[in-house]
Amino acid sequence: MTTVPTSKKINPEPIRDPDSDHLLTPQNCAIAFIDYQEGQYATVGSASREEINLGVVTLAQLARAYEIPTVVTTVAVGMGVHKPTVDEITRELPGITEIDRTGVNSWEDADFRAAIVATGRKKIVMAGLWTEVCLAFPTLDMLLEGYEIYPVIDAAGGVSAVTHHAAIDRMLQAGAQPITSLAFGCELMRNWARSDADRYRTIINDYFRRKREAGQSAGDLFS
C-alpha cells in the first residue's frame, strides 16, 4: 500500500554545485546573440519576427536577470551595409557593447573569439539569424575546439523552414544540444521554492503576456 505524504513541500531541494553541474546554471554558461539586425529579420522565412522575438527577448531577459556573461555581435555595420542590433534586444541588455564583424562566421572574428574566451565559460548558449549560417558556422567551429554549444532554437530563424531545420540537423549531428528559451529559464531557475525564483516568474509571465498580445493563447500561469 502506497502512503501519500500529508505535509506540504515548501522548501527547495539541495542545490548542486553550480560550477560543475552538467546542466546549465548561471555560473557555468555564457550567452551569445548573433546578428539580430533589421536586414537579417527581413530575410527570415522560417518564422515571423514576433515568433523569433518571443524567444530571443526572453533569452536576453534571462541573461540580465541571472547576470550571465553575454556577447552580442553584428555583421557589416561598420561597412554601412546593416544596422545595429534591434531595440527589442538591446533594451533588455543595457550597456552591452556590440562586436561588429565583416565575416559571416563569428568564430573567425578575433574580437568575438576574445570575448567568448574572456567569459571563462565552456558552455555557450547561442542564438542567431540566420540559423544555417550565422548560428551554424560558429557552432560547428566551437564544438571542434571543446565548447559545449546550446543553440536556442525558438530564438533563431533561417531563410526558409527547410534551411532552418537542415541547420538544426547539422548542428545536432556535430554534437550541439538544442534548447528553447523557456526550457533554458527552467534550467537556470531549477526550483520554484528557491529565494530567487521570482526572477524567472517575472520572465515567464512576460513571455506569455507577449504571446497573448501577438494573438496566441496563453495566460499568467506562474503568478
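## Basis and the two sides of helix α6

On the face of α6 that is turned away from its buried side sit V162 and Q173, both exposed (over 50% relative accessible area, where buried means under 20% and partly exposed lies in between, with a 1.4 Å probe and protein chains only). The model is a predicted one, in which local features need pLDDT of at least 70 and side-chain atom pairs count only at pLDDT 80 or more, while totals for chains, interfaces and linings use all residues. Residues are numbered from 1 along each chain as its sequence is written, and side-chain values use heavy atoms, with hydrogens and water left out. Helices (H or I, at least four residues) and strands (E, at least two) are DSSP runs numbered from the N terminus.

The buried residues of α6 are H164, A167, I168 and M171. Viewed down the helix axis they fall within an arc of 100°, taken from the directions from the axis to the C-beta atoms, so they line one face of the helix. These buried residues pack against α5 (131-144) and β5 (148-151), where contact means heavy atoms within 4.5 Å. After α6 comes G175, whose phi is positive, near 115°.

## Nonpolar cores

A nonpolar core is a set of buried Ala, Val, Leu, Ile, Met, Phe, Trp, Tyr and Cys residues joined through side-chain atoms within 4.5 Å. The largest one holds 38 residues, of which F33, Y36, V56, I89, V125 and F184 touch the most other members. At least two residues of this core come from each of β1 (29-34), α2 (49-65), β4 (123-128), α7 (181-189) and α8 (198-213), and α2 gives the most, with eight residues. Apart from this core lies another, of 22 residues, including A30, A32, I34 and M142.

The surroundings of Y36 can be given in more detail. Leaving aside neighbours within four places in sequence, Y36 is in contact with a set of residues including Y41, I52, V56, P84, I89, A127, L129 and A156.

## Salt bridges

Counting a salt bridge wherever a side-chain nitrogen of Lys or Arg is within 4 Å of a carboxyl oxygen of Asp or Glu, the total comes to eleven. One of them joins R49 and E38, whose closest N and O atoms are 2.8 Å apart. This pair links distant parts of the chain, with R49 in helix α2 and E38 in helix α1 (residues 38-42), eleven residues apart. R49 counts as partly exposed at 25% relative accessibility, and E38 is also partly exposed, at 35%.

D206 meets R209 at 2.5 Å, N to O, and meets R210 at 2.9 Å. D206 and R209 are three residues apart, and therefore separated by about one helical turn, while D206 and R210 are four residues apart, again about one turn. D206 is buried at 16% and R210 is buried at 15%, whereas R209 is partly exposed at 30%.

## Confidence

The chain averages a pLDDT, the predictor's confidence in each residue from 0 to 100, of 94, and 94% of the residues score at least 70. Over residues 217-221 pLDDT stays under 50, and for this stretch the model has nine contacts beyond four places in sequence. Where pLDDT is low, the predicted coordinates should not be read in detail.
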